[in-house]
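Please keep the sequence and the 3D view side by side.

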Amino acid sequence: METCTKGYKFRIYPTAEQKHLIDCTLGCARFVYNHFLGLRINEWKANHHGIYYKESARLLTDLKRREDRAWLNDVDSMALQESLRDLDAAYKNFFEGRARYPKFKSKRKFEQSYRLRIAGNEATAWLRKRYSQLARTKKYKKLKRLYGKVSDELKDDPTNKE
């Protein structure tokens, strides 16, 4: 049996508190990506040994336990895990010749995003709780009938275009 992954894009108008949470999550996801990219580069230069996703995930847990990085606990942990998966995919694409070597992410990049993975009916409950204004849209009602995996990508676009 095959599973189908579907993605939906939503235009949301967050409150000031939600906007702050989204901005914090964007910053933390970018920090995690850059931190582990630097760690991989240094580990390869020093020992010719690579760091892969499982080891990165374990190190992320250790990083979140440090007092000076306690702010990583304020955001959704799934967004941080997806940032590690993105880094792993970037390396995989590079070594398979589909992309250039991964670069550090910039705070001033035109468009920033992070992903969350939610399965099945959890998606509707999570979205309803997190962004109540989505409940009034037609796409959200279609999402209620969705089975399988949902990838919800939140983007911060300064031009306010889709």
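How many helices and how many strands are there in the protein chain? The predicted model has five helices and three strands. Read from the N terminus, the order of elements is β-α-α-α-β-α-α-β.

Next comes the packing. The protein chain has 162 residues, and 35% of them count as buried. Take the contacts in the chain with a separation of 6 or more: 76% of these join residues 24 or more positions apart. The accessible surface amounts to about 11200 Å². Carbon and sulfur atoms hold 51% of that surface.

How far does the predictor trust this picture? Mean pLDDT for the protein chain is 78. A score of at least 70 is reached by 67% of the residues. Among the elements, helix α2 (residues 53-65) has the highest confidence, at a mean of 94. Strand β3 (residues 149-156) has the lowest, at 51. Over residues 146-151, pLDDT stays under 50. For that stretch the model still has 23 contacts beyond four places in sequence.

Now turn to the cysteines. A disulfide is a covalent bond between the sulfur atoms of two cysteines. How many disulfides does the model contain? With a cut-off of 2.5 Å between cysteine sulfur atoms, the count is zero. C24 is in no disulfide, and its nearest cysteine sulfur, that of C28, is 6.4 Å away. C28 is likewise in no disulfide; its nearest cysteine sulfur is that of C24, at 6.4 Å.

C24 counts as partly exposed because its relative accessibility is 29%. C28 has a relative accessibility of 4%, so C28 counts as buried.

Last, look at the open space. Rolling a probe the size of a water molecule over the atoms shows where empty space is left. The second largest pocket holds about 420 Å³ of space. Which residues lie closest to the centre of this pocket? They are D86, K105, K109, Q112 and S113, out of 19 residues that line the pocket.

Note on methods: Residues numbered from 1 in each chain as written. Predicted model: local features only at pLDDT ≥ 70, side-chain atom pairs only at ≥ 80, totals over all residues. Heavy atoms only, no water. Buried < 20%, exposed > 50% of the residue type's maximum accessible area, 1.4 Å probe, protein only. Helix = DSSP H or I, 4+ residues; strand = E, 2+ residues; numbered from the N terminus. Contact = heavy atoms within 4.5 Å. Areas by Shrake-Rupley, 256 points an atom, 1.4 Å probe, with all protein chains shown as cover. pLDDT = per-residue confidence, 0-100. 1 Å grid on protein atoms, 1.4 Å probe; cavity = no way out; pocket = protein on both sides within 12 Å on 5 of 7 lines; lining within 4 Å. Points joined across faces, edges and corners; volume = space filled by probe spheres on them.
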